[in-house]
Amino acid sequence: MEVCGTHTVAIRRSGVHSLLPDNILLVSGPGCPVCVTPTSYIDNALNLLETGAAAIVSFGDMLKVPGSDGRNLAGYMGSGRVRIVYSPAELIPIARDSTEAVVFLAIGFETTVPTVAAAFLQARRAGIENLFLYTAFKMVPPALRALLASPDRNLDGFLLPGHVSVIIGEQPYIFLEEPGGVPGVITGFEPLDLLQGILSVLKQVIRGERRVENAYTRAVRPEGNPKAREIMEQLLEPADALWRGFGRIPASGLVLGHDHRAADAGLHFSLPPLYNAEPPGCLCAQVLQGRVLPTECALFGKRCTPESPVGPCMVSSEGTCAASFRYGDAEP
Amino acid sequence: MSISARITLEHGSGGALSRQLTEELIYPLLGNDAYPELADATAFEIDGRSFITTDTYVVDPPFFPGGDIGTLGIFGTCNDLAVCGARPRFLTMGLILEEGFPTADLRRVLESVREAAEQVGVRVISGDTKVVPSGKGGGIFLNTTGVGEALGDHLLSVNNIREGDSVLISGPVGSHGLAILANREGLKIGADLRSDCAPLFPLCEALYALGGSLRFMRDATRGGVAAVLNETVAGNRTCGMEIQETAFPISGIVAAASDLLGLNPLEIANEGVMIAVTAAEAASEALSLLRTFEIGREACQVGEVSSRNPGRVILETAVGGRRILDLPRGLLLPRIC
């Protein structure tokens, strides 16, 4: 399983999946942050907007994900109260120039979290008080634990996410080496990186090993990036989190720590707790766990396309279904 | 009284200033014996089958390395005629100017229009100018409608393509869209990045001489090569395409810049590149013909028509993998032409 959405896209775009023999199947994991965010999160964000409680700022993909009644945040793009940012640093001028409360839809894995944390802390130092974070951050290693713990798991190894590993390093994956674990190889994104990662997993499988290996040493240091983690820790602390497709995973999320809790949009605006509910017929939940291939979903390519998506895996550019739709699934 | 330094709403009023703009700026640059006087409509004669096409240009910024909105407005419309097997003959031009647009810039655009029209051998024989209030338009927009005469009886069409046909490209891809993007966003990518904006008629005329072996031609503008290839086989129940990623000529600067920006050169707009589908046995002659032109020097075969995946374009990637080459999705680069 490639855990990371960027891997999924890189594999499809380079056609690496089509080069593999029939007995090697790459399945995509829960590594697209938009995809693992529950629908009820979108509902709450829509609610903030529609009650006039706050303006919304988000990364682009999130806006197109349908809420539980099919509406999305993109429908409010013309209102001037929904903004897309490419970098969290843009939050500072946006909040400063806004006369209302500004809520950032803070989703992402360990790759994204440090930049959001740095921007938020900088905004605080600049005296900006109207910026709130609606946190739905996720951490990769707890999700891998959940996948391993699943009774009917069908995985022989992980291609571990390259960008996430740049931040967290090798150590957080060490549990993969314990009994019940599987090989895990930190892998880069170029075609040769991908092939090397796959080869390393296969070698371990053949030898009956389960080790954490780093096949992306030109970017990932064993210790990761302690400075980035320090910034995360200044602002955030681990908490249980609800994953679309998985349910609640212990200590897999990051929420604002005690000193900054006043900026937690969920608390400040008394948003209802998140729950998981899937649109009828949508198999995104199973796709995220690698149990179902996108093409096995009856909606795939029919009622659900990138132009008119039903589930998040078809919305995000890193979504498994979007990648399958765009680049084809098997040897064409 | 000379024309003011900036365009005013009155220049589009139909009154004295409109007339001054036409008589003192537009007519001296574009007037010709086809319309010796300023009339409401101009007569023209074309023998036999004719083609007509229209295109509107909203490129931002209007001036860019390798051309401007005037060059684009002529070459773009003439290329649409040329790839259909027509010799461009006459054009009309509608200008939409934003109040405050510098008159000197308008003169520059019109000079480009004249130069480009002379290069293609086409005449601008009718026109119109409107002015919109400041803030309501992007400086300058223009529309050109072109009329061309058929080069012969052979009609080029996607319906002509057959299994085994060769897919050719006339030159290196990706430079127009990237040049616009780099210029607009102030990206310091390199001075070598220039739009490929150029007339394709000479190349099309040369290939048309191949007769029935030439199946179809299309200039690869918005959506780039990926869009054109998909449109060529879309809905086709017997033919698809097999394309080789590494066969495409791509300049070093385009490869580096698109890699940096996360763009696929095959999805980036061109303004002087076309795809041609020919019978397999005519491919090498077609390539020889294309290569006699400066912009066709790097022409090459990039794939073939196949019955394996009807209606689809399959890309063989650099590492030998295979995947679908889909239509570009999402807004890649707005306002590039």
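A:Val102 counts as buried because 23 C-beta neighbours lie inside 10 Å; a residue is buried if 20 or more other C-beta atoms lie within 10 Å of its own, exposed if 12 or fewer, and partly exposed in between, with C-beta atoms placed from the backbone. The structure is a predicted model, in which local features need pLDDT of at least 70, side-chain atom pairs count only at pLDDT 80 or more, and totals for chains, interfaces and linings use all residues. Residues are numbered from 1 along each chain as its sequence is written, while chains are lettered from A and ligands numbered from 1 in the order in which they are written.

A:Val102 belongs to strand S3 (residues 102–108) of chain A; helices (H or I, at least four residues) and strands (E, at least two) are DSSP runs numbered from the N terminus. Apart from neighbours within four places in sequence, A:Val102 is in contact with A:Ala54, A:Ala55, A:Val57, A:Ile94, A:Ala95, A:Asn130, A:Leu131 and A:Phe132, where contact requires that the C-beta atoms of two residues, placed from the backbone, lie within 7 Å. A:Ala53 is 49 residues from A:Val102 in sequence, and their C-alpha atoms are 9.0 Å apart in space.

Two residues of chain A have backbone angles that deserve attention. Most residues other than glycine have a negative phi, and most peptide bonds are trans. A:Ala251, by contrast, has a positive phi near 50 degrees; this residue is placed in strand S9 (residues 247–256) of chain A and is partly exposed, with 14 other C-beta atoms within 10 Å. A:Ser270, also not a glycine, has a positive phi of about 50 degrees. A:Ser270 is located in the loop between helix H10 (265–268) and helix H11 (284–288) of chain A, and counts as exposed because it has 8 C-beta neighbours inside 10 Å.

At the level of domains, chain A comprises domain 1 (1–278) and domain 2 (284–327), with bounds that come from an automatic or database domain assignment. The C-alpha centres of these two domains of chain A are 18 Å apart. Their contact involves 25 residues of domain 1 of chain A and 17 residues of domain 2 of chain A. On the domain 1 side, helix H1 (residues 5–14) of chain A supplies the largest share, 6 residues. That side consists of 13 nonpolar, 6 polar and 6 charged residues; Ala, Val, Leu, Ile, Met, Phe, Trp, Tyr, Cys and Pro count as nonpolar, Asp, Glu, Lys and Arg as charged, and the others, Gly among them, as polar.

Between the chains, 13 residues of chain B are in contact with 14 residues of chain A. By class, the chain B side has 4 nonpolar, 4 polar and 5 charged residues.

Chain B itself contains 8 helices and 13 strands. Its radius of gyration is 21 Å, close to the 20 Å that the globule rule gives for 337 residues, so chain B is as compact as a globular protein of that length; the radius is taken over C-alpha atoms, and the rule is 2.2 Å times the number of residues to the power 0.38. The C-alpha trace of chain B spans about 65 × 50 × 35 Å along its principal axes. Of the 337 residues of chain B, 48% count as buried. Among contacts in chain B between residues at least 6 apart in sequence, 84% join residues at least 24 apart.

Chain B is assigned domain 1 (9–150) and domain 2 (158–324), whose C-alpha centres lie 28 Å apart. The contact between them takes 21 residues from domain 1 of chain B and 20 residues from domain 2 of chain B. On the domain 1 side, helix H2 (69–82), strand S4 (86–98) and H3 of chain B each give two or more residues, and H2(B) gives the most, with 8 residues.

Helix H1 (residues 16–30) of chain B has 15 residues and should span 21 Å at 1.5 Å a residue, a value that agrees with the 20 Å between its end C-alpha atoms; the expected span is 1.5 Å times one less than the number of residues. H1(B) bends by about 35 degrees at B:Thr22, the bend being the angle between axes fitted to the seven residues ending there and the seven starting there. The buried residues of H1(B) are B:Leu21, B:Ile26 and B:Leu30, and their cover includes helix H3 (103–120) and strand S5 (123–132) of chain B.
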